[in-house]
Amino acid sequence: MAIVQLGIQNTPRRHILSNSVASTWCHELALRSARMASFEYRLGDPDVKWHGSLEDVIRLDVSTVGDQVMRHNRRDGEAWLNELAEMLVGPLISCITAGVSWSNYEVEHRLEDTHGNSLLIVIKVSELVQGDRAIGITGVVADAESLDGSRSEAGEIVEMYEQLVELSPDAIIVHQRGRVVLANSAAAQKVELATRRDLVGRPITDFLEGTSASRTFERISTLAQKGAVTPPAETVLVTSSGRRKHFATMAVKTTWLGEPAFQVILRDLTDQQRANIRYQSLAERYSAVVEALEEGIIVVDPMGNNLAINDAASRVFGPALLEGKACPLLDENISVVIDNPGQIVVDGIEAQYRAEHPIMKALRTGEPETGIHVLLRVPTYEGDRTGSVAAVGLDGREDGQDTAEAIDDVMDLTLPECEAGSLRWLMMNCQPISRESELDASAVVCSFTDVTERRRTEDELTYRANYDSLTRLPNRTQFLDILAACLDDGAVGGGGSGSSVAVLFLDIDRFKIINDTCGHHVGDEVISLIGRRIADMLLPEETLGRMSGDEFAICISPAGDISSVQERAHEFASAISKPLTVSTGRRFTLSVSVGIGNSDRREMSADELLIESDLAMYRAKQAGKGRVEVFGERLRADMRHRVTVEEQLRAGIERDQLVVYYQPIISLEQNRIVGAESLVRWNHPGWGLVSPNDFIAIAEECGLIGSVGMSVLEKAVEEAASWQRKRLGSEVESSLRRPKAPSLADPNKPHVSVNFSAHQLTYSSTVGQIKRVLADKGLPPECLWVEITETVLLEDTAHAMSVLREIRDMGVRLVLDDFGTGYSALSYLKTFPVDAIKIDRTFVAGIGQTKGDEAIVKATIGLAHALGLEVIAEGVETEDQLSMLANLSCEYYQGFLKSRPVPGPRFRSLLSAL
């Protein structure tokens, strides 16, 4: 007899879906609720599979049931139930085994216990048929009294099952004999039907693509028994609108209303398919982008081997760069210098440093390492990796050689890419790829760019920013950095306890003459030769720099006493004064003015020390050039005075403290005032009336000369306009009795002369300001005379020529002041657009006393007249001087003989008196 298995049968499955579990649970619940037990037997199977429980069906005290079954103690109830099950279904199994066939079979058994209680049990059996052959039986055991009620309860159970299916988020259908018998709303939605009832009764082939249909039937044909599950598979469904959609499906063999059926669960893969396609497209694009990058990419595993490489990396390292091989950035046979302060790697990566290599560090910590500069010797494609790299630290000097020089010694940037032993700079970033469940990185993406050319450009730009291109000496910026470092060392006793630092500021005297007469190419050669001559004299404690054009500076640290520093200054001056010959064969003998600044164990900045030496050099030039001056207390006091004057002058300009005085200019022929020179005074509330000699030079140095000049111009033009208005009434009368007037000056239209410095003419706004002031004040342009000195002509010939011509084109007269005191005035008279010249007072004072001065005055007047210019003599103080000037046909004069400079109202009185 077969062994009967009672209770709920849980058949092992590889895949159990939640809906399948819910279905089994619902079935068992229905059996228990209806007091039923079902069974199934298949030929050849040693077991009868039961669902439900006979104990729930009988409802009798099984220990008192009559002789129809064996008596057993309740403690052995399982054996008793097995015997009862065997009694109920044993004959049926014997029949099916003997080949007896039937359509349906129903039998009743009545059980009675010793208490007189009885129970009618009904057994209903049907065949399990495959093709035309019976393969087993299936049936149900129930209490006859509850059988009628169980039918309605079964309907409720079916309804409950349908509700459970409906709640599933996945699409579920049950098909039987190829037609849908149950579906949920999710399934209807997936195939684009309005309700789930639209699916019921339709063949499943209506929704299966041809290939998917055949594969579906192949899969479910393998389900031999109830509860068997197909493995998940991809199926293509065709919706009611004809669209193709991809689903993941799984079929479970089951029964529906006692007949074999298949429950199918479908999960929509359309979005996933789209995502997969998009992912694949993105992956292909990403791969294409990575391959197209100029940046090399190498993915390194924790063992230091290449996981992946791109074409750019292969172009740098050659065909030997293969996946699975050691990463060349970690190869001990490649010489590498890694840009880490204090870390020098020579001829391969040192064993003790390997763990701190950026790649290995990123692998260990999981943190990115960025901005790593690597200098390596790129091998040939044949794998020749011989050679070495000198020990170079990128954070300082070694053996007295700075980084740039050391790299130049080992790096030939002109070698083509991948040539044997060529050195290349790489900029490398290391980005770790970490597993979600682990801290350590599973790989590192090393991206690197060949920045050899960029490094060379950066080095060149750095060099240009810090070194003079002509002499290759440190420029002002670099020199100040060096000087600051020396001062810091001196402050902490770096060059001896409390040692001082001295600066020699050298300026070549009259160097502009070389540029103007021989050209700038000759001037550059002279500067280069002088720089080399000074450099050849330097001691270890001395540093030379070029400040600008013809200026050099020497830092001495530590410096000895001031007398020894002065001695060195004279030695440099003496060396420079020796004749030098340029490539054209020209020989030059030059002198130099030297200023000395000394820290003198004081706390001071590099800028302050350089300024002191510059001021001392300026004083040396003022004292006659070719001298050596030390910045001392006198100069320091002068500097403080200059600072005070500058501060007060700025305030004075804002408060309109500048006033203008006027010194008459007289026509010798008419003995009448024809104009006046305007002379500025500073009416300081505390200092009184300050002479221009005490503040004009300072105004030029600190950039206030423009404001001072504009104030004087506006006031002088306004004053001259008032003179014109007063003279209009007497113009006709005086014109009838006056002699022939000179070409420039007219007593009836007295002019005003305004002095312009070389600095003022450098401003682009100067010409426009003159036009505006003349228009605003109503003064005719010919009544304004602009006086310039020879220094204007010497500063910037081309620019000065352009500005002066614009001024003269307005109708303004130009006068060359202090004629004869400069160096090149005669050569410029023919080219500059001046109308008159002023003979300097130093020559006028010598008339009647020295023959030399008389000759100069006579020659000057003759030269001016030959060039069509008129002459003004200044500083006339005696009648003899005036008489001689008249005999020499000088047109105008001014000086104390006629009048000192006077305020505007006093000058107007002088005009009225004539």
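## The protein as a whole

A residue counts as buried when its relative accessible area is under 20%, as exposed when that area is over 50%, and as partly exposed in between, using a 1.4 Å probe and protein chains only. By that rule, buried residues make up 46% of the 914 residues in this protein. The model is predicted, so to speak of a local feature a pLDDT of at least 70 is needed, side-chain atom pairs count only at pLDDT 80 or more, and totals for chains, interfaces and linings use all residues. Residues are numbered from 1 along each chain as its sequence is written, and side-chain values use heavy atoms, with hydrogens and water left out.

The protein has 29 helices and 34 strands. Both are DSSP runs numbered from the N terminus: helices are H or I with at least four residues, and strands are E with at least two. A contact means heavy atoms within 4.5 Å. Among contacts between residues at least 6 apart in sequence, 61% join residues at least 24 apart.

Let us start with a sheet. Strands of a sheet pair through backbone hydrogen bonds, either parallel or antiparallel. Here, two strands count as paired if DSSP finds at least two bridges between them.

β19 and strand β20 (residues 551-559) run antiparallel and are joined by six bridges. Glycine 545 stands opposite alanine 553 in β20.

## Two packed helices

Two packed helices are described by the angle between their axes and the distance between the axes. Helix α15 (residues 520-535) and helix α16 (residues 562-576) pack at an angle of about 140 degrees, and their axes are 10 Å apart. That makes α15 oblique to α16; angles under 35 degrees count as roughly parallel, over 145 as roughly antiparallel, 65 to 115 as roughly perpendicular and the rest as oblique.

The crossing of α15 and α16 is right-handed. A crossing has this hand if the near helix is turned clockwise from the far one by less than a right angle, and is left-handed if anticlockwise. Ile530, Arg533 and Ile534 in α15 meet Phe572, Ala575 and Ile576 in α16. The residues of this contact divide into five nonpolar, no polar and one charged. In this grouping, Ala, Val, Leu, Ile, Met, Phe, Trp, Tyr, Cys and Pro are nonpolar, Asp, Glu, Lys and Arg are charged, and the others, Gly among them, are polar.

## A hairpin and a covered strand

Strands β2 (residues 36-42) and β3 (residues 47-52) pair in the antiparallel sense over four bridges. Glutamate 40 has lysine 49 in β3 as its bridge partner. β2 and β3 form a hairpin with four residues between them, and glycine 44 in the turn has a positive phi of about 90 degrees.

Strand β30 (residues 813-819) is mostly covered, with five of its seven residues buried. β30 runs parallel to strand β29 (residues 784-789), to which five bridges join it, and glutamate 787 has valine 815 in β30 as its bridge partner. Three bridges join β30 to strand β31 (residues 836-839), and these two also run parallel. Phenylalanine 819 is bridged to isoleucine 839 in β31.

## Single residues to look for

Valine 374 is found in strand β15 (residues 369-378) and is buried, with a relative accessible area of 3%. The C-alpha atoms of valine 374 and aspartate 450 are separated by 9.6 Å, although these residues are 76 residues apart along the chain.

In strand β20 you will find proline 558; the peptide bond from serine 557 to proline 558 is cis, with omega near 0 degrees. Lysine 625, in the loop between α17 and β24, has a positive phi near 70 degrees and counts as partly exposed at 27% relative accessibility. Aspartate 656 lies in the loop between α18 (633-654) and β25 (658-667), and has a positive phi of about 60 degrees although it is not a glycine.

Methods. Axes fitted to C-alpha atoms, helices over the stretch in contact; angles between N-to-C directions.
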